[in-house]
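Good morning, and thank you for coming.

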Amino acid sequence: MPEHTAPRTTIPLEYGEEVREALHAGEPVVALESNVITHGLAYPDNAATAKKVEDAVRAGGAVPATICIDGGRVVVGMSEERIERFAQASGIPKVSSRDLPVVLARGGTGATTVASSVVAAELAGIPFFSSAGIGGVHRGAESSMDVSSDLIQFTRSKVAVVCAGAKMILDLRLTMEYLETHCVPVVSYRSDDFPAFYCVSSGIRSPHRIDDADVVARVVENHWAAGAPGGVLVTTPPRAEDAVDRAETEAAIADALAAAERDGVSGQAITKYLMRAVDRATDGRTAEANMAVLISTAEVGGRLAAAHARLRRTRPS
């Protein structure tokens, strides 16, 4: 396998030293989003969790590359100092893929979402990204047209996304239909079902179950070798001890949806409203499960990225 060659792009990329060395040597790297630092837990729990997620990637055998936008540059591999700064700062905007060119042009700073992190990972030459859960088709999308940019980005960026499925507050059957329509392969690693974030199963059968990391690596490589323009979605369920019961979660969501309609909550505000309502209904267990899933998914992401790097080293250029 030849040494890593930085992709040709006019987008300013700033690599962390550990990430740069790993890519140069052809070692596995897993991209991570920074939105969980700025828009998740309060300080210092957000910084501590970000470091635990990075440690989980290392435990899986890969190098973590937490991505952010800082001073008009895409930072690929945040330092501990930068993580601390982002964790303590207030008002750092969330930057999705649609916002990325504007924030960069203005020399701005921002935290990356799933969609923008996938864009940045491809620019940086990182084939694997890990997140606890992805966005999807929202309930009522038949009239609202509310579909997460995550799904659209998966059809455009050649990055394998490792996640614990999508949140139960979404319409998961329509989410799976969207992925099928747009030819995004969905593979469940060591699970029969498509997981639902902190629930082991969404109740929807996965199109493919694969138990071997080396086979997953071949799926990813074959998808791109066939000329596909987008990525592969690899799901891994939360550990049983971390998961929340699906029936309990669905009941809490039903109550939260009724309350949101009563309170007139809609649009972009609905997701945070529903998540907080479900957390209250489960006495905070969903928030705890959220943190646990971030870590367990990152470890699997590291393991799969390591298998993919081994495959690339054994194949001719």
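Let me begin with a term: a residue is called buried under 20% relative accessible area, exposed over 50%, and partly exposed in between, with a 1.4 Å probe and protein chains only. By that criterion, 53% of the 317 residues in the protein chain are buried. What we are viewing is a predicted model, in which local features need pLDDT of at least 70 and side-chain atom pairs count only at pLDDT 80 or more, while totals for chains, interfaces and linings use all residues. Residues are numbered from 1 along each chain as its sequence is written, and side-chain values use heavy atoms, leaving out hydrogens and water.

The chain has 13 helices and 13 strands, which are DSSP runs (H or I, at least four residues, for helices; E, at least two, for strands) numbered from the N terminus. The C-alpha atoms of the chain fill a box of roughly 60 × 40 × 35 Å along the principal axes.

I turn now to the interior. A nonpolar core here is a set of buried Ala, Val, Leu, Ile, Met, Phe, Trp, Tyr and Cys residues joined through side-chain atoms within 4.5 Å. The largest such core holds 90 residues, and V76, I126, F154, Y198, L233 and L304 touch the most other members. Helix α13 (residues 285–314) gives this core its largest share, 9 residues.

Which residues does L304 contact, leaving aside its neighbours within four places in sequence? With contact meaning heavy atoms within 4.5 Å, they are F128, V162, Y189, A213, V216 and V234. There is also a second, separate core of 11 residues, including A47 and F86.
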